[in-house]
Amino acid sequence: MTSNARSNIAVKTVDRGFGALFRYETSKVVQISSIKVSVIYRLIQLLIIAYVIGWVVVYKKGYQDFDDVVSGVTTKVKGVQYTNLTGTSIGARIWDVADYVVPPQENNAFFITTNAVVTRDQTQGACDEDPSVAPCFSDADCPAGKPQMLGNGVNTGRCVPSSQAPNKTSCEILAWCPVEVDQLPAGGTMFPEAVNFTVLIKDSIEFPLFGVKRRNVLDYYNSSQLQNCVYNPDTDMYCPVFRIGDILKLAGIDNFTKIATGGVVSITVNWDCNLDWDASYCNPTYRFRRLDDENTKIAKGWNFRYANYYRINDTDHRTLIKAYGLRFVVYVTGRAGRFNVIPLTMNLGSGLALLGIATVLCDMIVLYLHHKKVIYRGAKYETLEDDDAYRLMNEEDDGLLSETSQDARQRVRASAQVLDPPGGNYGAIE
């Protein structure tokens, strides 16, 4: 391509760009009398109206203003368990709430012990470490002052016989002695009666935007009813007292012994309220699910250690407890809605704007897909040139001849006579 040719192309491109600046476009209304096109148009409009009214306004409550819930939760567990594990460090004893609920209060959660390793009467001194943690063959294997990070104390520098395993030796350490023997005393759960323990969940909520406060302890409960009711999703769905065994079943845990080493269960309190009705109809629903993976192979369950300290003859003593159990986490979700004319008008206005989609889709059909698209396109798009119209350079060479409105109409009518047989008015242009 020569430089002159490239120059001409550039000039024509710029010229046509200027030409576009001096053109004015206005909408033209073309009425098409066609049953097919009209049916498609009305069906699209009907679908849009059904979507706006049925889905946006009615189902999604597009006529309401919404506010999220703000809540505070407290829990109170009740139940007693007797264990008779004579021959172990636990022995025979009674366990009440102060023993198996550790810590006594958590934020939106509570823990119930189901099994435990108890090491009684520990004092600070020198004793042998667990041989699985610090095995040795000579004093050289136990550098003095080296802490056993995975064990219980700091090496003294001596290798001594193990009190936990015969014919084995381990490093001597400075620690709370004797060290823990990490072995569960009970084959299954130490607290089989834990399934009959109960927990009272008190949830106080507010929807600040509407100034509405509610509790899950409903007003029609008196003290006697609250002490004797137990939550049941079918017969007493608003009782705030839950049996632990029922929570586990509703969470999909049928065998209590399977979680002897602990687990995590969520309790979801959901407040979904329509405040167009009286606030007394705003009541919670509950859902339960197990959060930990029961099929995991390592680090299974839930456990932690804590100690009870006391002094005898000016010497510190402690009882170390490694507790296994269930941690229940309480989640509060919810949203309230109340009628407000502003969201209603906004959603209806958006729906009216969507009706324009029907015109766009029908234009695409009649201009590009219909068998008479040439006629429709000629009727819809028309070019008129005034006396002061901007004319392109070399217009005749490009085949761009000006056309008056009358010439355009005559050509469209001629095309209609060719494509539309005599006597047939289907698809005619009015």
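The UniProt annotation "transmembrane region", from an unreviewed entry, covers residues 39–58 and 348–369; such annotations may be inferred rather than shown by experiment, and feature names are shortened. Please keep in mind that this is a predicted model, in which local features need pLDDT of at least 70 and side-chain atom pairs count only at pLDDT 80 or more, while totals for chains, interfaces and linings use all residues. Residues are numbered from 1 along each chain as its sequence is written, and side-chain values use heavy atoms, with hydrogens and water left out.

**The annotated spans**

- Residues 39–58 are 100% helix and 0% strand, with 26 Å between the end C-alpha atoms.
- Residues 348–369 are 95% helix and 0% strand, and here the end C-alpha atoms are 32 Å apart.
- Helices (H or I, at least four residues) are DSSP runs, numbered from the N terminus.

**H6 against H7**

- Helix H6 (residues 341–354) and helix H7 (residues 356–369) pack at about 10 degrees, their axes 4 Å apart; axes are lines fitted to C-alpha atoms over the stretch in contact, and angles run from 0 to 180 degrees between N-to-C directions.
- H6 and H7 are therefore roughly parallel, the word used for angles under 35 degrees.
- Leu352, Ala353 and Leu354 of H6 meet Gly356, Ile357 and Ala358 of H7, where contact means heavy atoms within 4.5 Å.
- Five of these contact residues are nonpolar, one is polar and none is charged; Ala, Val, Leu, Ile, Met, Phe, Trp, Tyr, Cys and Pro count as nonpolar, Asp, Glu, Lys and Arg as charged, and the others, Gly among them, as polar.

**H7 against H8**

- The axes of H7 and H8 come within 6 Å and cross at roughly 120 degrees.
- On H7 the contact uses Asp363, Val366, Leu367 and Tyr368, and on H8 Lys373, Tyr376, Arg377 and Lys380.
- This contact has four nonpolar, no polar and four charged residues.

**The second largest pocket**

- The second largest pocket holds about 410 Å³ of space; a pocket is an open set of points on a 1 Å grid where a 1.4 Å probe fits, with protein on both sides within 12 Å along at least five of seven lines, and lining residues have an atom within 4 Å of a point.
- Of its 17 lining residues, Val30, Ile32, Val37, Cys362 and Asp363 are the closest to the centre.
- Helix H2 (35–59), H7 and helix H8 (373–380) each give two or more residues to the lining, and H7 provides the largest share, five residues.
- The lining comprises 10 nonpolar, three polar and four charged residues.

Terms used: Angles under 35 degrees count as roughly parallel, over 145 as roughly antiparallel, 65 to 115 as roughly perpendicular and the rest as oblique. Grid points are joined across faces, edges and corners, and a volume is the space filled by probe spheres set on the points.
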